[in-house]
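Student: I have a new model to read. Can you take me through it step by step?

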Amino acid sequence: MIYEMTIKRQPLTGPSSHTIRVEDSSTFEQLHQEILKAFQEEAPKNHSFQIVRSNGKKQSGITIKQPSAGQVAEDRFIYTEDSDNTSLFEESSYEKDVPLNNYFKKPGDAATYISGQDVPNEYTITLNRTLSPAEALLAEFNRIMDLSPEKGEKYNDLKRQLDDLMQLLNPSSGKSKTPTAPKQPQIYSFKITLENVGVPVWRKVQVNSASTFLELHKIIQILFDWQEDHLHDFRVQKSNGIRQKNVIIESDEEASPFDSLFFDDEQTYLSETEERLHDHFLVEKDQARYTYDFGDDWQHKIVLEKIIAPAEGTTYPLCTAAKNDAPYEDSRYEVITGSLSLLNSNAKGIVADVNGELERRLHKKKMSRKTK
């Protein structure tokens with residue numbers, strides 16, 4: 001596949017940019033050569049790449065550099081006294097050994113290229129889209145045509161033919177002749193079950209499909225009367241009816257600086273502030289697991305039971321059913337020994353209490369924002 005990338009430079013004379021196309025298997029050393037060619041510059045005294053965003057997630061502390069003359073292999077993990085508290089160690093690799101697709105995985109993924117000239121330049125490299133070789137060829141034809149000073153009937157006819165070919169290769173890439181209606185909001189009806197607590201403990205809740213996983217985290221905290229005293233994460237288990245493995249959604253504050261160092265090829269880490277429910281829950285029976293408190297290990301199974309239209313006059317999220325009480329914070333020992341009873345036959349009372357908390361902690365906040 002071909003990567004279409006935009007490279008922007010911020011020199012003293014003002015910003016400039018170029019669009020380049022390279023194979024996704026190209027190394028960062030080849031990308032360095034493409035940058036020099038695009039900006040018609042000589043090779044700098046030294047240069048390096050810093051990964052800014054990979055697989056849709058912000059990165060820090062990942063350096064890809066050129067080996068110095070006669071330099072021998074060294075430990076990739078280098079302690080730096082200047083590291084901030086999000087990255088104690090820096091991952092350092094040599095550009096000739098690293099293909100672009102190790103880090104550029106989604107549109108929007110980015111890196112910084114720092115050129116050590118007499119006057120250092122800094123470039124931002126952003127992945128725009130991934131093209132097939134045929135699409136890349138047509139895109140290049142279009143670029144060359146746009147450089148032509150002559151515009152007329154033959155030019156317009158050829159442009160239409162090229163656009164038609166691009167549309168055949170990738171129907172989603174063409175512009176629709178008629179504007180499509182905006183996607184209607186949907187409501188997800190979830191059953192969320194707290195597992196391994198001795199008795200059935202679950203809640204049913206209706207949530208807007210465009211909600212972020214951060215919002216779902218806050219909703220679950222209210223559903224089970226947790227106090228947000230501990231860490232948490234989500235793991236997608238089934239999406240679009242297909243089993244998933246190693247897709248982890250976590251908070252930006254709790255993301256480990258070692259995630260991309262040790263698990264880059266095995267696990268995909270995404271941000272709960274950016275991922276939305278409809279990005280992963282696509283059909284009924286799609287599932288995820290929410291873990292709260294990695295010490296007591298409270299496991300919640302999230303199942304999408306129904307996809308429904310929003311009801312007029314209803315405010316979401318809305319708890320619709322419940323069974324039994326949830327344990328309180330740091331009570332795993334009491335649950336294991338059976339000294340804590342979670343039985344509660346007043347399901348309607350639980351639902352009323354939960355919706356009261358949702359109203360107090362979420363809905364009023366939304367209303368206050370609208371009135372500002």
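**Reading the sheet, the helix and the core**

Tutor: Start with one residue of this predicted model. Leaving out residues up to four places away in sequence, Phe-281 touches Tyr-188, Phe-190, Phe-213, Asp-286, Gln-287, Ala-288, Ile-302 and Leu-304. Contact means heavy atoms within 4.5 Å.

Student: Which residues have the most contacts inside the largest nonpolar core?

Tutor: In soluble globular proteins, nonpolar side chains tend to be buried together. Here the largest core has 38 residues, and Phe-190, Phe-281 and Ile-302 have the most contacts inside it. Such a core is a set of buried Ala, Val, Leu, Ile, Met, Phe, Trp, Tyr and Cys residues joined through side-chain atoms within 4.5 Å. Buried means under 20% relative accessible area, exposed over 50%, partly exposed in between (1.4 Å probe, protein chains only). A second, separate core has 24 residues, including Tyr-3 and Leu-100.

Student: In what order do the eight strands of the sheet lie?

Tutor: Strands pair through backbone hydrogen bonds, either parallel or antiparallel. This open sheet runs S14-S13-S12-S15-S16-S10-S11-S17, with mixed pairing. S14 (268-271) and S17 (318-323) are the edge strands, each pairing on one side only. From one strand to the next, the twist averages 25°. Strands (E, at least two residues) and helices (H or I, at least four) are DSSP runs, numbered from the N terminus. Two strands pair if DSSP finds at least two bridges between them.

Student: How many bridges join S15 and S16?

Tutor: Six, in the antiparallel sense, between S15 (residues 287-292) and S16 (residues 298-308). Ala-288 stands opposite Ile-302 in S16.

Student: Why is helix H4 largely enclosed by the rest of the structure?

Tutor: Eight of its 11 residues are buried, so H4 is largely enclosed. Among them are Phe-213, Leu-216 and Ile-220. H4 (residues 213-223) packs on the sheet, touching S12, S15 and S16 among other strands. Just after H4, Asp-225 takes a positive phi of about 60°.

Student: Where is the pLDDT below 50?

Tutor: pLDDT is the predictor's confidence in each residue, from 0 to 100. Where pLDDT is low, the predicted coordinates should not be read in detail. The chain mean is 80, and 72% of residues reach 70 or more. Residues 71-90 fall below 50, and residues 256-265 stay under 50.

Student: What rules sit behind these values?

Tutor: Residues are numbered from 1 along each chain as its sequence is written, and side-chain values use heavy atoms, without hydrogens and water. Local features need pLDDT of at least 70, side-chain atom pairs count only at 80 or more, and totals for chains, interfaces and linings use all residues.

Conventions
Axes are lines fitted to C-alpha atoms, for helices over the stretch in contact, and angles run from 0 to 180 degrees between N-to-C directions.
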